[in-house]
Amino acid sequence: MALTSRVTDWQNRGRSEEFRGHRIHVFEQSGEGPPLLLLHGFPSSSYDWLPLLERLEGRHVLAFDFLGFGLSDKPRNHIYTLGWQADLTEELVRRHLPGEKVSLLAHDMGTSVSTELFARDIEGKLGFEMTGAMLFNGSIVLDRASLTRSQRILRSRLGGLAAKLSSERVFKHEFGAIFSPDHPLSEEEAADQWSLICHNDGRALGHRLIHYLSERERFTDRWHGAIRDWPGSLNLAWAELDPVATTSVLDALIQLRPAVPVERLPGLGHYPQIEDPDAIASAFAKAEAGRA
């Protein structure tokens, strides 16, 4: 399936770089202020940040597609671990933002990559310094989340078959269901997202990419401990109508870190950066102002 025109324009704004023998799509925007590192979620890509970037003109930003996602390579036999994605994150920060103090904004799966970065920072092993981080709508506390039907099937023994049989019609239905009623998934956005999933023969990889949910179970103590113990400035923003990373997940995170500042986003679903980018931009600006 060909990329849509909007996605092709996005592709042309970035570049392809190599990491451990794989090509990674990287976007960097020059600007002022502490560099902003954006980490996307499953099953999408850094393209999710496009509406927010339009509100961050003049800000230095680094975003990229994790291996297996979007415009990056999608090797079929790779074991997609969050540790590997965290290694990729560290390397791209080293290349593009050497010696800089980085501000982090992460969504969905990107929040779990973030908790691995926090854990490495606690151990004194992180290769860069963060001024602070804001996480939003990620199922970090997995037993409090409500996985979609597609996620449950992809994790089952039928996952490989389900991935091979995936279709644009089913994708639009499942993906659209995690948007809020007042900010529904548009036909244009759905087409963009599906073209990115299919790019580089990625349509049949869902069962491999979702491996990160099992890691959330395996490394619960490490990553929950990172939320609790990371000494950096951590903020949460939460779209309250998210049917996946529900407010029950938010409540569990607050139990882990009772003093964490939270910006609640009523009326928004799982992708607030697409549904209402002004709301995320405002929440992030408030979080950064609170660190000053």
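Begin at the largest pocket, whose volume is about 660 Å³. A pocket here is, on a 1 Å grid over the protein atoms alone, an open set of points where a 1.4 Å probe fits, with protein on both sides within 12 Å along at least five of seven lines; lining residues have an atom within 4 Å of a point. Grid points are joined across faces, edges and corners, and the volume is the space filled by probe spheres set on the points. Select Pro43, Ser150, Leu154, Phe171 and Glu174, which are the closest to the pocket centre among its 33 lining residues. Then colour helix H5 (149–155), H6, helix H7 (168–176), H8 and H9, the elements that each give two or more residues to this lining. H5 provides the largest share, five residues. Helices (H or I, at least four residues) and strands (E, at least two) are DSSP runs, numbered from the N terminus.

The model is predicted: local features need pLDDT of at least 70 and side-chain atom pairs count only at pLDDT 80 or more, whereas totals for chains, interfaces and linings use all residues. Residues are numbered from 1 along each chain as its sequence is written, and side-chain values use heavy atoms, with hydrogens and water left out.

The peptide bond that joins phenylalanine 42 to proline 43 is cis, with omega near 5 degrees. Most peptide bonds are trans, and most residues other than glycine have a negative phi.

Next, select aspartate 108, in the loop between strand E5 (101–107) and helix H4 (109–122). Aspartate 108 is not a glycine, yet its phi is positive, about 55 degrees. Is this residue buried or exposed? Aspartate 108 counts as buried because its relative accessibility is 4%; buried means under 20% relative accessible area, exposed over 50%, and partly exposed in between (1.4 Å probe, protein chains only).

Move to asparagine 200, in the loop between helix H8 (187–198) and helix H9 (206–209). Asparagine 200 also has a positive phi of about 55 degrees without being a glycine, and at 34% relative accessibility it counts as partly exposed.

**The strands around E2**

Select strand E2 (residues 22–29). Six of its eight residues are buried, so E2 is largely enclosed by the rest of the structure. Two strands pair if DSSP finds at least two bridges between them. Strand E1 (residues 15–19) runs antiparallel to E2 and is joined to it by five bridges. Display arginine 15 opposite valine 26, then glutamate 17 with its bridge partner isoleucine 24. E1 and E2 form a hairpin with two residues between them, and arginine 20 in the turn has a positive phi of about 50 degrees.

Strand E4 (residues 59–64) pairs with E2 over four bridges, again in the antiparallel sense. Here phenylalanine 27 has alanine 63 as its bridge partner. Also in E4 is valine 61, which is buried, with a relative accessible area of 0%. Which C-alpha atom is separated by 4.7 Å from that of valine 61? Show leucine 36, 25 residues apart from valine 61 along the chain.

**A nonpolar surface patch**

Finish with Ile153, Leu158, Leu161 and Leu165, a nonpolar patch with about 380 Å² of accessible area together. Areas come from the Shrake-Rupley method with a 1.4 Å probe, and for residues only the protein chains shown count as cover. Leucine 161 is in helix H6 (residues 159–164).

How values were computed: Patch = residues over 30% accessible without salt bridge, like charges linked within 9 Å, V, L, I, M, F, W, Y side chains within 5 Å. Salt bridge = Lys/Arg side-chain N within 4 Å of Asp/Glu carboxyl O.
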